[in-house]
Amino acid sequence: MSRSLRIAAAGIVAFGTLYALILAVLNAPQMQVNLPQQVALNLEQSGIDHPITAVLLNFRSYDTLLEVAVLLVAVVTGLALRERDALTAHTEQARDPMLHALTRRLLPLLLITSVYILWSGSYAPGGAFQAGALVAAAGVIARLAGYDIASRADVLLRLGLALGFILFLTVAVSAMFGGRPFLNYPEGWAGSLIFLIEAVLTFSIGLTLISLFVHAPGDSSPRGGDDDD
Amino acid sequence: MIVFDILLGIGLILAASGVFLSAQLFRSVVLFVVFGLLLAITWTRLQAPDLALAEAAIGAGLTGVLFLDTLGTLRKAKHKRHRKKETHS
Amino acid sequence: MTPILLIIPLAFAILTLLLPRNWARATIIPGLVLQVGAAVLLCIQIYHDGPQDYALGDWQAPLGISLIADGFSVTLLALTSLVAALCAVYAQYFLTRYPREQRYFWPLFWFLLAALNGIWLAGDLFNLYVGLELLGLSAVGMVALTAEKTTLKAALDYLYAALFGSLAYLAGVALLYGAYGTLSIVQLSEMAAANPTTQVALGLMTVGLLLKTAIFPLHYWLPPAHGGALAPVSALLSALVVKASFYILALLWLDVGALAVTVNAAQAMGFLGAGAIFWGSWQAFQTRQIKMLVAYSTVAQLGYLMLLFPLAIGVSEAAAHLAWQGTVLHLLAHAFAKAAMFLAVGTLVLALGHGRINDFGGVSQRNPVALFAFGLSAVSLMGLPPSGGFNAKWLLLQSAIASGQWHWFVVMVIGGLLTAAYVFRVFRVSFVQTAKHDIQETHPALQFSALALALMAIGLGFASEIPMSFMNLTDFTPSPGGSP
Amino acid sequence: MTIDLWYAIVGSIIVALSVFAFLTSRHLMKKLLAFNIMGSGVFLIMVGLPQHQHGVDPVPQALVLTGIVVAVSATALALVILRRYVRAGGNPAP
Amino acid sequence: MTTLLPVFVLATSLITAVLIFVLPERHIRLRIGLNLTAALLKIVLVAVMVAGIANQVDYEFRYELLPGIDLILRADALSMLFAGLSSVLWLFTTVYAIGYLEGAPNRSRFFGFFSLCVASTMGIALAGNLFTFLIFFELLTLSTYPLVVHRGTEESLKAGRTYLQYTLGGGAVLLVGVALMYGLVDQTGSMTEFAETGTLAAIPSEQHFTLAVIFFVLIAGLGVKAALVPLHGWLPIAMVAPAPVSALLHAVAVVKAGAFGIVRVIYNIYGVEFAWQLGVLLPLAILASITIIWGSLRALQQVEVKKRLAYSTVSQVSYIALGACLFGPVGTIGGIVHLLHQGIMKVTLFFCAGNYAETLGIHKIKDLDGAGARMPLTSIAFTLGAFGMIGVPPLAGFISKWYLGIGALDAGMSWVIGVLILSSMLNAGYFLPIVYRLWFKSRREPWPDEHIPRGRFETHGLLLWPTVATAVFSLAAGLFAAHAWSPLSWSSLIAFREYLP
């Protein structure tokens with residue numbers, strides 16, 4: 001297809017999308033279900049004060065479980081596509097002494113912030129994903145500064161990646177042994193269990209994002225660990 | 001504050017267009033990060049601080065870094081290909 | 001009972017990820033047995049007690065997420081576990097030549113299974129989105145495993161199509177939530193009315209899902225991905241993964257949005273299907289590589305699924321019922337037959353060391369079982385009796401007659417002949433006696449797992465009663481007609 | 001018009017723009033950027049449209065949070081494959 | 001027992017097929033034993049059922065395949081005629097094939113598909129409704145393709161492609177016809193069962209046009225296999241197959257399946273009386289007559305033995321269709337009995353052609369000079385078959401033609417007599433020169449390619465005895481036509497039951 005034809009076709013599609021979306025947005029009928037109200041009514045029972053965390057880790061925790069699985073799938077594929085013989089260009093300790101020095105001060109700060117965000121998630125904005133992202137940011141900066149983490153000890157790495165998911169799944173399944181439905185939390189334990197899950201998830205998510213960054217193929221990637229255990 | 005919202009919305013649209021229209025990938029990525037930051041502000045306007053936090057950390061921050069890092073790899077690969085071509089010719 | 005089918009694959013995904021290689025291998029068979037057993041138990045339970053609603057975490061539907069196990073979904077669950085089990089047996093022997101890929105194949109395999117089971121059971125539109133993403137990413141991961149240049153490109157194209165498709169789907173979900181305030185499928189199917197928002201939402205979701213199902217003309221990504229992946233991966237993708245997005249599509253058109261879809265739109269879907277049948281068959285007829293032939297065959301066969309919409313929307317209840325039954329049978333028969341075909345072809349390619357159809361001479365002496373499996377699955381694909389494919393085609397033809405839609409009748413009859421045209425290319429060459437190359441022996445398990453799947457496709461011709469009796473337990477009966 | 005509806009419309013425009021960009025750009029990275037921005041547009045609609053009707057709604061916000069994480073996983077995966085593809089000699093802008 | 005007997009008949013060859021596929025190539029004796037045991041067992045089972053049918057026992061097996069649509073295997077008088085023919089000829093052809101393929105590669109595959117082919121033929125014979133018939137009809141296509149391309153040469157692959165184009169196309173047309181029948185006429189599935197007098201007469205007259213259209217769609221589908229002109233193109237080309245395949249394909253399985261289907265549709269679906277009223281029989285009779293003449297004319301032009309026989313088949317099979325179109329019991333008897341007579345005679349002729357080719361390397365008619373002296377038994381068999389085809393009394397072919405002629409007069413279609421006479425003259429025109437060459441010309445140059453030297457017999461015993469046996473059968477069918485168990489008596493029984501109100 002010639003380029004101008006392609007642009008014309010894309011333009012038509014885009015205008016169609018725009019028209020349809022605007023039409024749909026402006027003509028949305030009056031909602032018949034008021035979900036936020038139901039969230040508010042059940043908030044107390046969920047064991048979490050912050051409604052979004054309650055939705056994420058209690059009301060719709062199944063979504064979150066699968067979402068963590070999505071992260072795991074991404075990182076498993078990332079690990080599978082590591083290059084094992086590409087010797088790293090990363091031989092020098094830290095290319096930039098400035099960065100190195102900065103990192104030493106920034107890292108603890110980032111980690112502390114992430115812990116705070118994680119903890120605040122139970123009553124205010126924040127939670128595992130944001131905290132995990134901060135952990136990842138810390139990891140990425142450390143990596144750029146030349147600290148080599150998450151590239152050795154493959155078993156441990158994989159365990160770390162999966163730890164959050166394992167804990168989540170275990171808690172979810174253990175409910176069934178007590179005769180309660182999958183993904184239910186025991187009475188009165190919801191808050192603390194959710195916090196525990198979030199804490200471990202933060203670690204795993206952070207590690208996942210770091211691994212995806214560190215093990216990405218390319219010149220800057222370190223030597224991959226062995227696939228063999 | 002309605003003016004601010006209109007400006008913010010237009011800013012979002014402009015940033016997005018910038019990402020697409022820019023000829024250089026590097027500039028696209030930078031504009032993408034800018035777009036993410038604007039979006040983070042938008043989320044606070046929509047009373048979604050969680051999303052603002054997540055967008056800033058993940059959407060703009062982490063994704064941006066991933067893109068930048070990849071850009072570096074692509075450049076190196078390109079150089080290498082060019083060099084190969086030169087030695088061959 | 002219901003969530004067991006999610007827990008098993010998720011747990012085994014973790015096990016195979018963490019355990020040392022030999023241990024991980026040892027867990028496969030027990031996992032498959034558990035999985036098939038659980039699926040069968042659930043089938044029996046549904047058969048006795050009727051459709052079930054499972055509120056996850058004890059939160060009822062609009063607030064929480066519920067799993068819905070009805071006749072259709074348990075049929076698909078059983079199909080998934082059967083096909084996956086045989087593909088896994090095959091993969092165990094096939095992957096001995098790919099030690100590196102094997103390490104990561106198994107976790108991805110189990111995640112893929114979890115995603116499929118999750119989609120069949122989902123009772124929530126957003127949950128379907130997450131399921132689709134899990135499915136798409138694990139499928140892409142499996143395609144990319146061999147890390148060759150061509151497969152990586154195929155994986156990228158596949159990934160982009162999958163991502164774009166699920167975003168379009170998500171946009172539809174956003175609109176539907178904005179219009180009705182709920183994500184529960186049960187609630188939405190009661191509320192959704194024919195208004196612009198619903199129709200735009202359905203349109204967006206349909207485009208996204210058509211892209212993910214690789215319906216002509218959005219099929220461009222499928223042949224390289226399915227044709228380039230490892231044989232067991234191709235089998236899983238063609239047999240099961242594309243069906244997931246079709247399942248959601250059927251759910252949207254015939255259940256959630258039944259009141260908002262129009263007969264014209266349904267006819268348009270049928271034309272896409274007809275295009276898929278003709279174009280896919282033509283490409284399969286042209287290609288030189290056997291795996292590409294099978295992949296294009298998938299493109300063509302998916303077209304038949306699209307005929308559900310014109311045959312079931314805006315027609316009499318009897319005709320719609322026939323169309324439904326025919327489509328479900330076709331889905332099942334195609335899943336068995338196509339998995340068998342990819343596995344058989346994988347074995348042949350392994351034995352010959354190449355996939356050029358014209359150099360297939362002599363293969364019938366050294367790999368008769370694999371060739372026979374290919375033949376049996378081809379019988380079902382062509383819609384020749386006795387096979388599941390024939391029964392499906394028969395029901396669809398009867399539905400077309402009952403609603404007087406002769407154009408679809410013609411399309412189906414011609415489609416069968418086109419299938420024969422490309423399938424017999426392979427047979428033709430396989431009767432040539434002289435082999436141009438060395439032909440290696442292959443492990444019997446490779447040949448026989450393909451044969452088992454092919455026999456299932458044939459056997460479905462005699463056991464169509466079983467899926468049909470389950471279909472009668474499905475919650476959503478076809479609506480007698482959309483708005484004009 | 002509430003600001004929620006305004007942002008939903010902005011989201012629609014952004015989605016349309018990204019569709020255009022996704023279809024026209026040849027570079028695989030640019031397509032990926034378009035995917036991310038399109039996601040953001042969808043998220044804006046997802047939060048804006050219901051909040052326009054009944055005020056702050058934690059459910060779509062939670063959904064969007066999930067969506068953001070899924071998007072970043074997908075992006076990371078795409079970049080990994082892309083980088084490996086380029087390393088194998090592939091052209092990122094076919 | 002009465003329900004399962006039809007299944008057993010089918011299973012004897014189906015299970016044999018599976019076992020042969022599983023059996024490794026090198027177990028030759030075991031395979032031969034298996035083949036012969038199964039063939040004999042099948043004859044015994046069929047004989048039991050024939051006796052039962054004569055005593056009005058019902059053999060029926062039903063299995064619901066789809067809601068409202070059953071797989072029915074049922075034995076009635078007509079099906080036993082076809083089943084009896086197939087099972088007897090299977091035995092002879094198997095023996096012949098064992099001799100013919102001695103030492104050839106891929107025998108396991110050959111005999112596997114051979115058995116499958118017979119199983120499909122049995123299924124066609126025993127099919128109790130149109131749907132079941134369709135299933136086995138398609139199965140027959142699939143199981144014969146590997147036999148046609150068995151040799152794997154470029155020529156046979158090409159022939160296989162042509163064969164498929166015709167038969168799969170025909171199958172698709174038949175599918176359309178059957179689907180229309182079920183969808184438009186018969187939603188309950190009871191009218192498409194093969195009832196003894198047909199059940200469609202009860203359909204209101206506004207649907208009669210539809211019925212006529214469906215009739216011709218069905219005939220078009222069946223006509224490909226029955227080699228009705230202009231759908232006969234595959235048959236001469238398929239001659240590249242090994243001789244036993246040609247014998248079985250042409251004498252029994254494929255063409256007869258088509259002819260048998262036409263008989264079924266006319267007698268057991270529409271009912272001959274109703275079909276006559278619809279006015280669909282006359283066009284079919286004309287088409288059959290054209291085929292008879294055209295096939296004979298083309299046979300005259302052929303120089304290869306097998307090709308000439310193939311066109312002869314095109315011509316002869318249409319006698320069956322012609323007989324089915326003649327309204328009246330005598331014509332029916334003529335058509336039905338020819339189903340059997342032509343089968344025995346044509347299989348004899350093909351065996352002979354195979355013997356000449358295998359023993360002396362003769363493919364062309366001109367090389368047959370003096371073969372009668374070298375291979376007397378084969379040549380006698382050939383002569384008997386040829387005279388039978390021409391219709392020389394008291395051979396089997398004469399009986400068929402006699403009844404067809406009387407039937408034509410009964411039905412008031414006296415022009416058919418002219419067709420019969422013309423065709424007989426043409427038959428004589430292409431068979432007599434061969435007979436003349438065999439016996440009255442002497443040989444000067446050596447045989448083209450003598451594989452099997454003269455030993456105790458003129459050729460390999462496994463090739464000779466089946467030939468002699470079928471020749472004796474075709475003689476006996478004519479000589480003892482009045483006997484209670486002769487094909488003629490059996491056909492009279494069928495016709496009697498058909499015309500009984």
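What covers the buried residues of H1(B)?

## Basis of the model

This is a predicted model, in which local features need pLDDT of at least 70, side-chain atom pairs count only at pLDDT 80 or more, and totals for chains, interfaces and linings use all residues. Residues are numbered from 1 along each chain as its sequence is written, while chains are lettered from A and ligands numbered from 1 in the order in which they are written.

## Helix H1 of chain B

Helices (H or I, at least four residues) and strands (E, at least two) are DSSP runs, numbered from the N terminus. The buried residues of H1(B) are B:Leu8, B:Gly9, B:Leu12, B:Ala15, B:Ala16 and B:Val19; buried denotes 20 or more other C-beta atoms within 10 Å of a residue's own, exposed 12 or fewer, and partly exposed a count in between, with C-beta atoms placed from the backbone. The cover over these buried residues includes helix H2 (25-45) of chain B, together with helix H1 (3-24) and helix H2 (28-54) of chain D.

On the other side of H1(B), B:Ile2, B:Val3, B:Leu7 and B:Ile10 are exposed.

## Chain A

Chain A has eight helices and zero strands. Of its 229 residues, 48% count as buried. Among contacts in chain A with a separation of 6 or more, 76% join residues 24 or more positions apart; a contact requires C-beta atoms, placed from the backbone, within 7 Å.

## Confidence in chain C

Chain C averages a pLDDT of 90, and 98% of the residues score at least 70; pLDDT is the predictor's confidence in each residue, from 0 to 100. Over residues 477-484 of chain C, pLDDT stays under 50. Where pLDDT is low, the predicted coordinates should not be read in detail.

How values were computed
Contact = placed C-beta atoms within 7 Å.
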